[in-house]
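Me: I am new to this structure. Please walk me through it in short steps.

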Amino acid sequence: MAAVTSPETSPQPRVYFQTPTGTTEEPEPPVRKQGRVTVKYDRKELRKRLNLEEWIIDQLTDLYDCEEEAIPELEIDVDELLDMPSDVERAARVKDLLVDCFKPTEDFISELLDKIRGMQKLSTPQKK
């Protein structure tokens, strides 16, 4: 049922709609579509990768004793590390990247290698 206010009470007439009695059904929430990235890659792997990258940044700020913006330009490429055949080569690569760090890096390197063990490479899948 609609109720219209009289022109004397307001300059524009207003219409108010009431929901019919007896309908207590709630509307269904819209179905959320997955984004393109999560369709190509496993959502859990993306979350693990993001957590790992945040952990790396935190560790580097501690190692270099500075803010995130002041960390020297270095890139620890997890996919590159995953491509290497052994932990010895991975450790050597990370040690080379951290050559200008004056704090001990052994704990960071061993923890990093533990964290990437079992991770999947996030290379772009091939189209069929």
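Me: The charged end of which residue sits over the ring of Trp55?
Reply: This is a predicted model, where local features need pLDDT of at least 70, side-chain atom pairs count only at pLDDT 80 or more, and totals for chains, interfaces and linings use all residues. Residues are numbered from 1 along each chain as its sequence is written, and side-chain values use heavy atoms, with hydrogens and water left out. A charge sits over a ring if NZ of Lys or CZ of Arg is within 6 Å of the ring centre and within 35 degrees of the ring normal. Here the charged end lies 4.9 Å from the centre of the Trp55 ring, and the residue is Lys115.

Me: Is Trp55 buried or exposed?
Reply: Buried means under 20% relative accessible area, exposed over 50%, partly exposed in between (1.4 Å probe, protein chains only). Trp55 has 14% relative accessibility, so it counts as buried.

Me: Which residue forms an aromatic pair with Trp55?
Reply: Rings of Phe, Tyr and Trp (its six-membered ring) pair if their centres lie within 6.5 Å; planes under 30 degrees apart count as stacked, over 60 as edge-to-face and the rest as tilted. The whole structure has 1 such pair. Its centres are 5.5 Å apart with 15 degrees between the planes, so it is stacked, and the partner is Phe108.

Me: How many residues apart in sequence are the parts that this pair ties together?
Reply: Helices are DSSP runs (H or I, at least four residues), numbered from the N terminus. Trp55 lies in helix 2 and Phe108 in helix 5, so the parts tied together are apart in sequence by 53 residues.

Key:
Helices (H or I, at least four residues) and strands (E, at least two) are DSSP runs, numbered from the N terminus.
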